[in-house]
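This report looks at aromatic rings and then at the overall fold. Please keep the structure in view while reading.

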Amino acid sequence: MSRTLVIGDIHGAYKALVQVLERAKITEEDKLIFLGDYVDGWSGSVEVVRLLMELNRKQECVFLRGNHESLTIDWMHGHNENIQWLSHGGSATVKSYEAISIEEKAEHCSFLEDLLYYYIDNKNRLFVHGGFTNQRGVEAEFYKEYLTWDRTLWEMALAINPNLSVEDSMYPKRLKNYNEIFIGHTPVTYCGFTIPTKAANVWNIDTGAAFYGKVSVMDVDTNEFWQSDSVVELYPNEFGRNGK
């Protein structure tokens, strides 16, 4: 039976991605929805993108753009190196791309440029990297890059009184646009969680792989999930985005 699986932030943790896909026992019948932030952090950014491109040739995949993809695309186009980006995982991506050919780098850049800003399935479930700010939903967002950077959606979902009815006039209009919303971008580990976490109708699948956490995969229909080992255990000689 085919499944729809959503995959959280990876941040160059190729070993963790391979491990969690094996644990989820993915098949070519499964639909895979990746929420973005494939690069920046650990040393496997090139290998991650290669694997995503390979999966795309084998089965139905949806690839969303994260803010780190946008930053990496800027670098690939030769724009001035962003010092803030380099200190937040970009330096590992630069190093990862040193050994590959100009042709393959161009292929990766083309793949990243084609990433979607959001995806809405036939059950009115929204998949987006960061969030959105427009009350009418993602299609009405004035600046697409907000969809990769927003954190207010998740903060709002966490802050809602769980006893507040959806029909209440005080209930946030943003959340009424979709049956469920799946995001990454803001690690749930910031709030003390270690697994995919739901607040209101928002599922956050970023379980802190860039730092001390794991890469997570979740079945969007059953909410069953699988996780890699902590990425620091798979890359014991690296810092990821944990600083030096």
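How many aromatic pairs does a search of the whole structure find? The search finds 11. Rings of Phe, Tyr and Trp (its six-membered ring) count as a pair if their centres lie within 6.5 Å.

## Basis of the report

This is a predicted model: local features need pLDDT of at least 70, side-chain atom pairs count only at pLDDT 80 or more, and totals for chains, interfaces and linings use all residues. Residues are numbered from 1 along each chain as its sequence is written, and side-chain values use heavy atoms, leaving out hydrogens and water.

## Aromatic pairs

Planes under 30 degrees apart count as stacked, over 60 as edge-to-face and the rest as tilted. Tyr119 and Phe127 make a tilted pair, with 5.9 Å centre to centre and 40 degrees between the planes. Both Tyr119 and Phe127 are buried (buried is under 20% relative accessible area, exposed over 50%, partly exposed in between, with a 1.4 Å probe and protein chains only).

Tyr143 and Tyr146 pair edge-to-face, at 5.4 Å centre to centre and 65 degrees between the planes. Tyr143 counts as exposed because its relative accessibility is 53%. Tyr146, at 41%, is partly exposed. Elsewhere, Phe34, Tyr38, Phe63 and Phe111 form one aromatic cluster.

## Overall fold

The protein has eight helices and 10 strands (DSSP runs, numbered from the N terminus: helices are H or I with at least four residues, strands E with at least two). Of its 244 residues, 57% count as buried. The C-alpha atoms fill a box of roughly 55 × 40 × 35 Å, taken along the principal axes.
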